[in-house]
Amino acid sequence: MKQLTSDMVAQYLQDNPQFFEAHQEMLAHLNLPHPHGGRTISLSERQVLTLREKNRALEGKLAELIRFGEENDAIGERVHRLSIALIKAQDWAHVLRVTQRHLVEDFEVPHVAIRLWGLAVEGAECADVSPEARALIASQSHPYCGAADKRPSLAWFGESAAAVRSLCEIPLRRGSDVIGAIALGSEDAERFYAGMGTLFLSQIGNLVAAAASRTAAQGG
């Protein structure tokens, strides 16, 4: 005779939902272990507890989604303010000041360095960007986020580089060409980490690249 297993019982009850209709007296006598104690409780009590736990889990997920949505709304508003400021910028020097100010004050990034090597604009700084660094940054399909050590942009922070533990490198793209990069640095090793979302970072890069291209076309 084949030994009856708990999986077989569970499968039988799932395949035969009318079982308890035919044996209703069993429901009144079934007692199950309490999930948070040694005593036993009725099946209906256990069902209520299970539903309450599921409800708490759903409420936690909902609260998390609301928090993420509020955070994204706040970041989107900051990106919008940066967009307006960049639209008003008349030359590269203005673009540079606006971008640095918003990233430091609005996004609370303590260290910001911007390099531009693909456009002829007055005041563009790129002397400390090696061909290897340009090639590495150009090979990134998304902004790099992670540990600061051994990254080409770390040296762009000058004397502050020694304090930077994590950074983000945002390529500035003009069509298929990378014309520069923004480096964001933090003393917090977890501020920029591998796997973090980069949508807003990419948008910032696109905005600054567009402003740089516009000022270059205007002779600024």
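**The sheet and its surroundings**

Analyst: Strands E4 and E5 run antiparallel and are joined by four bridges. Helices (H or I, at least four residues) and strands (E, at least two) are DSSP runs, numbered from the N terminus. Two strands count as paired if DSSP finds at least two bridges between them.

The model is predicted: local features need pLDDT of at least 70 and side-chain atom pairs count only at pLDDT 80 or more, while totals for chains, interfaces and linings use all residues. Residues are numbered from 1 along each chain as its sequence is written, and side-chain values use heavy atoms, with hydrogens and water left out.

On to the next pairing. Strand E5 (residues 166–174) is joined to strand E6 (residues 177–186) by nine bridges, and the two run antiparallel. Within this pairing, Ile170 has Ile182 of E6 as its bridge partner, and Pro171 has Ala181 of E6. The hairpin of E5 and E6 has two residues between the strands, and Gly175 takes a positive phi near 65° there.

These strands belong to an open sheet of four, in the order E3-E6-E5-E4, with antiparallel pairing. Its edge strands, each pairing on one side only, are E3 (111–116) and E4 (144–147). On average, neighbouring strands of the sheet are turned by 15° against each other, direction ignored; axes are lines fitted to C-alpha atoms, for helices over the stretch in contact, and angles run from 0 to 180 degrees between N-to-C directions.

What lies across E3, E4, E5 and E6? Helix H7 (residues 199–217) does, running at about 45° to E5. Strand E5 is largely enclosed by the rest of the structure, because seven of its nine residues are buried. Buried means under 20% relative accessible area, exposed over 50%, partly exposed in between (1.4 Å probe, protein chains only).

The largest nonpolar core has 31 residues, of which Leu116, Ile182, Leu184 and Ile204 touch the most other members. Such a core is a set of buried Ala, Val, Leu, Ile, Met, Phe, Trp, Tyr and Cys residues joined through side-chain atoms within 4.5 Å. Two or more residues each come from helix H4 (43–88), helix H5 (92–106), E3, E5, E6 and H7. Helix H7 gives the largest share, six residues. Leaving out residues up to four places away in sequence, Ile204 touches Val79, Leu82, Leu103, Phe107 and Ile182, where contact means heavy atoms within 4.5 Å. Apart from this core lies another, of 15 residues, including Ala113, Ala133, Leu167 and Ala183.
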